[in-house]
Amino acid sequence: MATNYYLPEDSTPLPPKNAEVLTTCCDYCIVACGYKVYRWPLGAPNGGVKASENAFNVDFPTGPLQAWVAPNQHNIVMHQGKPVNVVVVPDKDADVVNIGGDSSMRGGCIAQKCYNPKTPTRDRLTTPLVRINGTLQPVPWDFALDIAAEVAKHVIANHGANAYSVKTYSYQYVENTYAISKFARRNINTAAFTFHDTPSDVTSTPGFRDAGFDNFGPSYKDWGDAEVLMINGTDPYETKTMIFTQFIKPAIDAGQKTIWLNPRETAGVAYARSKGPDQTIHFQLYPGTDVPLVGAIIRVILENGWQDKEWIKKWVNNKWESSSGFGQGTRNTPWQWRTTWGKFQTKGFEDYKKWNLAQKEFDPKVAAKIAGVNVKDIYKAAEWLAKPKADGARPKSSFGIEKGFYWSNNTGNTNAISALAITCGAGGRPGQMVGRFGGHQRGGTGGGKYPRNKSPEKVPGRRRRALDTDRYLYSGHTRMAHVIGTTWIQSMCGSQGLNAKFEELVSNNPHQTRGWEKQSIIDTLKARADSGGMVVINQDIYLRDPIGSRYADIVFPAATWGEEDFVRANGERRIRLYQKFYDAPGDAKPDWWIIAQLAKRMGFSGYDWKNSNEVCEESSRFSRGNRKAYHMIKVAAHREGKTLHQKLAEMGTTGIQGPTFYNYATGELTGSVRLHDTTLTEAQIKREGRTQGANMVNKKTTHFNSQTGKQNIQKHPWSLFSDYWTWLKPKGDELWHSNGRINEIWQSGFDDVERRPYVTQRWPENWVEIHPDDAKARGIESGDQVMLYSNRVPASKDTIKGVFGNDFQFSELMKNGHIELSEAAVTAVAVVTDNVKKGVLYSNMLDIRQPTNALQGRVVDSISGNYNYKMGVARIKKLGESPYKKEFRSMSFALRNIV
Amino acid sequence: MTDLKQKDETAADHGKCMLNRRQFLMYSGSAAAAATTISINLFPGTAQAAQAKARVVGYPRKKIGTLRGLNDNQPVDFSYPDDEQNSQCMLVKMGGAKAGGGIGPQRDVVAFSYLCTHQGGFMMGKYQAVGPHRVLGQCPLHLSTYDLTRHGIIVSGQAYQSLPQVLLELDGDDIYAVGMMGLIFGRDKNLMET
């Protein structure tokens, strides 16, 4: 239907018996459910309702949990130049991840992602564009690539590699990320390189890294096998649905206790709470107060002597081990790179205990007051997590975190939860694991090393820190910005200030392309870079505003999911092939191809790939030793006379969990259920042939990622963050402002919420949840159009070198004039609900037109360099009534926590 | 659509109103018998305004209850559009909560399929009136909830489409089911070939 409005249909075609079947996985969240694509020519007979007449082999109508095709699961696309029907449905034969063919509504409707000019996908980019006289105009590939390459060479030669900034997704398939990082890091060798979700290329969870935990050690089953599960800063039901509905919900139904840290009560939290206070604790805390709360839970455990003493004795580094090691010892471990001495490191568990008991904020009463929670729940949580049972057995406790937690006080929170997990003996046994639940899928393979020594940033101590690309651009050093599959601007913090800088450097620069000759365009763009301005090239599937539509000088159209064979891993390191099943629109090409053409023109070698399998095969050796190591799949494939992609295609939606191992004697390929698996026996390792040939065994499979292979228990001082938190804390009629995802939306506007009428209808624009008391005090009702605004958006503006220990501390930056305050304003539709804590606002994480990151502080975590995206304040006032307030068609203001 | 007036309460006036509702109810490209084909302007005055062929498909007209027989917030079960598999539906007077597609003096009488459009979970007994909100759910399988005041739009959850709404007509005190918007879970067509 050629309309952006949702019109329910009352029929849908069934795939016929002879439909071709291909496997893929969902393109969206970390969980990566397995899907089947049924394809048959348009005009050929559809399947019938009898089992003998359709590809599902079932009689229609079907019953609960059986195969079905919702109208949103059918589309018409081009395949080899001819129109075909495709039905994309969760794989009913799946025995992993989405077992039995379950799915979220995001993935469930993914057939609508496919390019079809009769749907709102009609504005896919189909040809390269070059801005001439202010307008992006279609040009041939050679024309656009020649310009980009010439200007890039000029910028690098005249302004240095760091003047060429590459801002890219980290996740969109190993073939693309390998090509991009090979180009940017190995060949151009720019330190101005980072990913979509951080201003600099730094670890997302510093506390996990330093404790020795991989982010994705657990298998999904471990979450369900825990007796007590602590879920921090997310509701998995909302954003990684299958982890909840397939693994956690059945566990809750069987009596699993859950402890949630979340300012909101969403549907998953509400479901858990419906089991009563003897099974569920919901800490509905104020943003950023996790450190005192978690510290207090640990204190109660310590005071009662409930820590896992055996585990600690065997698996936690003591004083000597904490400082041991050659090359990976104390002088060369990440916590020393990131900080001055002694802020985190302990001399073992007793030293940590002493420190914890001395922190005044970890007194449960004090912590409860800071966090705004019930102090009794702190004692209850400690008991659930760690108190041995009557028979002496310990409860199996697991700990999962996500961005609400690690983007609130990045270093402090991840250190604190690691300390709690270690105290409870978690991290290395089935059902007793620690990890991220995950955001994007894991599709990164490094094609080159990040040149940290070329970064001008230095933290106190001796180490350089990865370059902050936002501040570097803001201070005018970036002459060419190469932006791949991200908005850059709205997805960063304090984004309206960043936008103003782009406008100044790009649009307001006098050197704008006016000529028609290729050379004159090249000369103009070179002149812009030389004059202190900036040239922007953008690879994406849609023209995004403003990065593409307002700032890009050159736009390259990318091919994406379903339009090329790609490989990627999910949140339990499960590696699958995402098969091509239809033609990319127009002249759109995969990012690896675009990068290869550009690289060759710039004089780099090693880009003569003929297809994505060749890229994947070249990249595999760079995956060796990492959590999704797929190199041995290639070894197995080649021994069987197949390509890597062919071998993975055979494994369908089941795939294999990395790291992978190959037994040269038996020809068997095996995966890894979990990392840090201390229960893994030598006999099993031998049986799987892990020590032979090209197999690579390292610490992370059986031990932890630390200098000794044991866990580091670290301090998590509140004082490192409390100055920022206290400064930010709402003043006057301000409220806390946090943002994040909501179940029905995955994409930040380019896919589902803007181009899927069913989703657009549910969430037609940005929204903000506000507690009824806060709403009443401001005369706001559900459906009112409101303004969120602030004149207290702090932003770091300078690239500075740290000399003294606390130079990067917020209060010092403020005192020394390195922070400027700016204003931001974002509109939204109010949703009045007691889902959200009183005093806290919660809005969509990234509506392209109303980007709420504008309100969040553009101040990085002083230790790690990540933004604390979830921290901001705003005032809110009613502008009038939105059309959704009284109509029945779009939006809903019904409570999301009705069970 | 947002401002339905009382005047179409009579059966005679209802015909005019039906077009308004059927414009989103009855759009179908299927081969089902088309009773009438009417050209309508879907969204006048918007950027998306478009002429579309609305097919008023041959759904049965079936008496499913009386206004007087309904108690506030107590759903009544019925089958529609046939008595075959997956035809279980509910009719409810939502205690004065005005609804899209609602009939009766308070526009609060609506009817929906009982089957969750995610995986076919059966939601009988899951009607809930909480403050001004009227929802069906959480579905016992995967916790989806639907807003019954807004054409069965998803509130929170995993469903692939809104909950199919049964189109109602009022004739005196008698309530008739006359159509359905949205595909019923488990079917390839709402109107099965016999």
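Modeller: Domain bounds here come from an automatic or database domain assignment. For chain A, that assignment gives domain 1 (20-113), domain 2 (129-203 + 443-569), domain 3 (217-436), domain 4 (608-702) and domain 5 (719-885). This is a predicted model: local features need pLDDT of at least 70, side-chain atom pairs count only at pLDDT 80 or more, and totals for chains, interfaces and linings use all residues. Residues are numbered from 1 along each chain as its sequence is written, while chains are lettered from A and ligands numbered from 1 in the order in which they are written.

Start with domains 2 and 4 of chain A. Their centres, taken over C-alpha atoms, are 34 Å apart. Domain 2 puts 12 residues into the contact and domain 4 puts in 11 (contact: C-beta atoms, placed from the backbone, within 7 Å). On the domain 2 side, helix H3 (174-188) and strand E17 (566-569) each supply at least two residues (DSSP runs numbered from the N terminus: helices are H or I, at least four residues; strands are E, at least two). H3(A) has the largest share, four residues. By class, this side has six nonpolar, three polar and three charged residues (nonpolar: Ala, Val, Leu, Ile, Met, Phe, Trp, Tyr, Cys and Pro; charged: Asp, Glu, Lys and Arg; polar: the others, Gly among them).

Now the helix pair. H9 (residues 290-304) and H17 (residues 410-423) of chain A pack at an angle of about 15 degrees, with axes 9 Å apart. That makes H9(A) roughly parallel to H17(A) (angles under 35 degrees). The axes are lines fitted to C-alpha atoms over the stretch in contact, and angles run from 0 to 180 degrees between N-to-C directions. From H9(A), the contact includes A:Val294, A:Ile298 and A:Ile301. By class, the H9(A)–H17(A) contact has nine nonpolar, four polar and one charged residues.

Last, the side facing chain B. Chain A gives 50 residues to the contact and chain B gives 52. On chain A, helices H1 (105-108), H7 (241-253), H8 (267-273) and H30 (757-762) each supply at least two. H30(A) gives the most, with three residues. The side of chain A that touches chain B has 24 nonpolar, 17 polar and nine charged residues.

Terms used. Parallel < 35°, antiparallel > 145°, perpendicular 65-115°, else oblique. Contact = placed C-beta atoms within 7 Å.
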